[in-house]
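Subject: Structure handover

Hello,

Here is the structure we discussed. Please look it over before reading on.

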Amino acid sequence: MTIAQEQGTIPQVVPVEIGRPRGGPKEKRTLRTDRWWISPAVTATVLTSFVAYATFAAFQGKDYYVGAKMHRDLISPFYSPCIAESCQRVAGSHPLGIWASFWNFSPALLILIVPLGFRLTCYYYRKAYYRSFWQSPPACGVADGHRSYTGETRFPLILHNVHRYFLYLALLFNVVLTMDAVLAFNFPGQGIGFSVGTLVLCVNAALLWIYSVSCHACRHICGGQINEFSKHKIRYRLWKMITPLNARHMQLAWVSLVFVALSDLYVRLVASGIIHDYKIF
Amino acid sequence: MSEVTMNVWRGDSNGGNFEQYKLERVEGEVVLDVVHRIQATLAPDLACRWNCKAGKCGSCSAEIDGKPSLMCMTRMDTLPNDTITITPMKTFPIIKDLVTDVSFNYVMARQIPPFTPGDPEPDGTYRMQQVDIDRAQEFHKCIECFLCQDVCHVIRDHEVNKLYYAGPRFFVRLASLEMHPLDTVDRRALMREYLGLGFCNITKCCTEVCPEHIKITDNAIIPLKERVVDASYDPIAWLGRKIRRKSKTTAEEAYELAPARVAPTSLDGIPATAVEN
């Protein structure tokens, strides 16, 4: 029994006072004199550029696969796992096969739902777009751009709570992208080798794994939800491994985002014949 | 010797304005030193709250050039401008000059069910492993300067949310209790329904201003949000509870253990204008 219970002082209604005068000038949005707007502006620019490029790449529906004709087995991460009916041109190259036979549009439009959902609900990206696009707030100590605010308590923002389910799906996608990276060592008609394309897909898969594993939901599921670490030694060890990665979640989010776009661009340039995929050995 | 102009907010609940004080720069000073020199030489009636001058009491919180900071921990030579603006914390009602009424925080502190251990060991003591309590040590560094509360836009820019939002400082407190190996109270529903955890949109300003460098968002708020997901939004966790026949504590049950309570819940959906009127 708590002291308050013993004293019989609960439940007791305590008022919160609002509307009393506050100090400082009312008319100014902020008194900050530094260039606080640079960070949200850069974030908005990079995110907008990525979205523009991803939209362009997703609607292309071609030049996402470098196949046997060029003695390569490279697929863009935007189009993998290539499960749509419209993806049959690469059937046989990938062990997952075709099971979204209803889909006749660009396969990327179906596939990108998962990474988009994962990043949209990611705790870091939430900060990034709330600040840079939604202006809520644009920077610390700078007034919110909206008159009312309910945060993530209502639809649609309450849906952010599904983040861990997007994590599960993103981890499955990472398995597929790892398979793609392994298949990139295969040079049809030439045996096993290693090219710049192989390196690109390997680095991309590695970055996506590290970014996904460093996620706050992953940290929670692996051990964060436990109160007695001493009784769950394996989960504690996992939590200890993920915690330093989690501290770099922002950097990993950016690096993996930029690299996945660069990977698509590289495959696209090779597939369209603009550049040649240099074979290292 | 160069000069500095201090633009200090002077006023009370009836209104106020900036007053300028020109002083010589003295090497090694912090902002609080300059405020003390203003009190000693130019404006003896300037009100400011302070105590330790070592960044440990959390008394001298204010906004320096628009950034919530401790005056005693802000060195003058780190401020690039020759005119420095000092205002009281914006989130709380003004008392006089740089002094604000932070009693909102004490009201919110009373909404939290305190540490409630289970039965002790047969010898009457409690035991826990160091590894179990390490994580909460970070939260105990909090000096209650309330800069995190001040910078949080949920109540800074939308004062009506003070009715149902505890704020970052108290999410740190809740995290230290929820993660404690000996504590037995489940506060997850309470955090969701009454203490407004869902209002936080994790923009990390609380972490940016914390003078104790507590990773408030990453280590306290997000883990709490994930625990609330376990309790309220995860169908697999719900199924697990059903199979193991475990029930979760309701918000009302947890609230019964709190020293006090405020009336509305964050889920009441009271229109902001109706409350403000």
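The notes below go from conventions to chain B, its domains, the interface and the cores.

This is a predicted model, in which local features need pLDDT of at least 70 and side-chain atom pairs count only at pLDDT 80 or more, while totals for chains, interfaces and linings use all residues. Residues are numbered from 1 along each chain as its sequence is written, chains are lettered from A and ligands numbered from 1 in the order in which they are written, and side-chain values use heavy atoms, with hydrogens and water left out.

Chain B

Chain B has twelve helices and seven strands (DSSP runs numbered from the N terminus: H or I of at least four residues for helices, E of at least two for strands). Its C-alpha atoms fill a box of roughly 75 × 50 × 30 Å along the principal axes. Of its 277 residues, 59% count as buried (under 20% relative accessible area; exposed is over 50% and partly exposed in between, with a 1.4 Å probe and protein chains only). In helix α1 (residues 31-41) of chain B, the buried residues include B:V31, B:L32 and B:V35. The buried residues of α1(B) pack against β1 (3-12), β2 (15-24), β3 (61-64) and β5 of chain B.

Domains

Chain B is divided into domain 1 (3-100) and domain 2 (103-276), with bounds from an automatic or database domain assignment. Their centres, taken over C-alpha atoms, are 32 Å apart. The contact (heavy atoms within 4.5 Å) takes 15 residues from domain 1 of chain B and 17 residues from domain 2 of chain B. Between the two domains about 1,200 Å² is buried, 56% of it given by carbon and sulfur atoms (buried area is the accessible area, 1.4 Å probe, that two parts lose on being put together, summed over both). On the side of domain 1 of chain B, B:P68, B:T91 and B:F92 lose the most area to domain 2 of chain B, together 47% of what that side buries. The rule finds two salt bridges across this domain interface (a side-chain nitrogen of Lys or Arg within 4 Å of a carboxyl oxygen of Asp or Glu).

Interface with chain A

Chain B and chain A bury about 6,000 Å² between them, 55% of it on carbon and sulfur atoms. B:R135, B:H158 and B:E226 supply 10% of the area that chain B buries against chain A, more than any other three residues. The contact takes 75 residues from chain B and 64 residues from chain A. Seven salt bridges cross this interface by the rule. B:E226 forms a salt bridge with A:R164, with the closest N and O atoms 2.8 Å apart. Nine residues of the side of chain B that touches chain A come from α9(B), the largest share.

B:K90 lies in the loop between β5 and β6 (94-96) of chain B. B:K90 counts as partly exposed because its relative accessibility is 23%. Leaving aside neighbours within four places in sequence, B:K90 is in contact with A:R22, B:E63, B:D150, B:R156 and B:D157.

Cores

The largest nonpolar core has 84 residues, and those with the most contacts inside it are B:M6, B:V31, B:M71 and B:I86 (a core is a set of buried Ala, Val, Leu, Ile, Met, Phe, Trp, Tyr and Cys residues joined through side-chain atoms within 4.5 Å). This core draws at least three residues from each of domain 1 (3-100) and domain 2 (103-276) of chain B. Apart from it lies another core, of 37 residues, among them A:F50, A:L167, A:I242 and A:W254.

Regards
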